[in-house]
Amino acid sequence: MRVNGARLLADLHALREFGAAGVGKGVVRPAYSEADMAARAWIAQQMRDAGLRVEVDAMGNLFGLAEGPSVLVGSHSDSQPEGGWLDGALGVIAGLEVARAARDGGGPAVSVVSFQDEEGRFGVTTGSAVWSGHLSQEAADKLRDHSGVALGDARKVVPVTGQIDPARFTGFIEMHIEQGPVLDTSGERIGVVSDIVGIRDMKITFEGQQNHAGTTPMSLRRDAFQAVSAFNHALEERFANVVTPSTVWTIGHLSLHPNASSIVPGRAVFSMQWRDGDSDRLNRMEQIIRSVAQETAQARGMALSFGEMLGLEPVAMDAGLRGALEQSAQKHVPGAWRLMPSGALHDATNVSRLMSVAMLFVPSIDGISHAFEEDTAEADLVMGVQVLADAVATLGARSS
């Protein structure tokens, strides 16, 4: 099962042309956009050319199916609002190349998937969340993006063929760029993932009083932005004895109303996201977030509301699948690989509800991702897919 490096790289560059933007190898390909749907149509044709049967479910998850039981390999092909050419796309094209290598080399059956809306235009890894049963289609359809579009309306562009039974797959392997600096800094070429952190995400709204910015004394203001600032400062202090060095939290999507320089903002809406590998710690952080928000609102005369809690639990990788990846990494890059956690969320988290999962990382240059400058050395891309292919071959030999 030798992968064709030139074909792999050509496909990655071809996929990048759908939504190509910005400097370097930037991509703008959000879920259900014209660029996203064109890219999926192109991927579907590559799947057919590789001898796979194409199926698309109601969410737009795209499957290239081998005959009979098979290992499922893939990721996603949608992008961040300003993303790079490899985030998700690498895993999909890697799956396609491994399926071709298996076909050409007499390897095991390999199916390929590109999940929809992994990047969260509407939620958290939405496509795989629905496929795995973590989120119902009815609930997903009510989700709205930041411009107010409902997912149920956005997905009307999907050419649905039917639902895909997960029982046909023997396991799922997702290849991805690291999206962090560990491998690039250490000079190592492969990361075999040990586990994926859990994530929580919700919207918080402070409702104060809109007023004239020139005539309202500072001491009498009910400034919603100042509430956000106070909340952020207090939160860091309260987290101090709870979090670990690997715990992260982020405030984003801050929206002020009416967002004018001469008006005290009366309302602030923002997202609050936090990640950790321990479910109990994630729950303790939620309690602190809600408590600090309530204290802040009360102290400043604000109304407070919380949006729906979204998130996923931490997931450990399957020992058997992971072992095959470790064995292959040691064969191809002895001493230049490591076992490591994933601080980023991936579709494998949802798929773990249905079957055994594992993940493989290749380096991100300067640790950059979710940006137009995202990149990985082409030699590392080819090596990573070869490591993946050999692991799939090993798994096929074990099951035969």
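**Close-up views of helix packing and a pocket**

**View 1. Helix 8 and helix 9 cross in a right-handed manner.** In this predicted model, helix 8 (residues 224-239) and helix 9 (residues 279-299) pack against each other at an angle of about 140°, and their axes lie 9 Å apart. Angles over 145 degrees would count as roughly antiparallel, and helix 8 and helix 9 are therefore described as oblique to each other. On the side of helix 8 the contact is made by A227, A230, F231, A234, L235, R238 and F239, while helix 9 contributes M285, I288, I289, S291, V292, A293, E295 and T296. Sorted by class, the residues of this contact between helix 8 and helix 9 comprise 11 nonpolar, two polar and two charged.

**View 2. Helix 1 meets helix 3 in a right-handed crossing.** The axes of helix 1 (residues 5-16) and helix 3 come within 10 Å of each other and cross at roughly 145°. From helix 1, the residues R7, L8, D11, L12 and L15 meet A89, L90, I93, A94, L96, E97, R100, R103 and D104 in helix 3. The residues of the contact of helix 1 with helix 3 divide into eight nonpolar and six charged, with no polar residue among them.

**View 3. Helix 3 also packs against helix 12, again with a right-handed crossing.** Here the axes of helix 3 (residues 89-105) and helix 12 (residues 378-399) come within 10 Å and cross at roughly 55°, and the two helices are therefore oblique to each other. The residues that helix 3 brings to this contact are L90, A94, E97 and V98, which meet L381, V385, L388, A389 and V392 in helix 12. The contact of helix 3 with helix 12 holds eight nonpolar residues and one charged residue, but no polar ones.

**View 4. Helix 12 gives the most residues to the lining of the second largest pocket.** This pocket has a volume of about 200 Å³, and the residues that line it are P69, S70, V71, P108, A109, T170, G171, L321, V392, L395, G396 and S399. The elements that give two or more residues to this lining are strand 3 (70-76), strand 5 (169-177) and helix 12, and the share of helix 12 is four residues. By class, the lining of the second largest pocket consists of seven nonpolar and five polar residues, with no charged residue.

How values were computed
Residues numbered from 1 in each chain as written. Predicted model: local features only at pLDDT ≥ 70, side-chain atom pairs only at ≥ 80, totals over all residues. Heavy atoms only, no water. Axes fitted to C-alpha atoms, helices over the stretch in contact; angles between N-to-C directions. Parallel < 35°, antiparallel > 145°, perpendicular 65-115°, else oblique. Left-handed = near helix turned anticlockwise from the far one by under 90°. Contact = heavy atoms within 4.5 Å. Nonpolar A, V, L, I, M, F, W, Y, C, P; charged D, E, K, R; others polar. 1 Å grid on protein atoms, 1.4 Å probe; cavity = no way out; pocket = protein on both sides within 12 Å on 5 of 7 lines; lining within 4 Å. Points joined across faces, edges and corners; volume = space filled by probe spheres on them.
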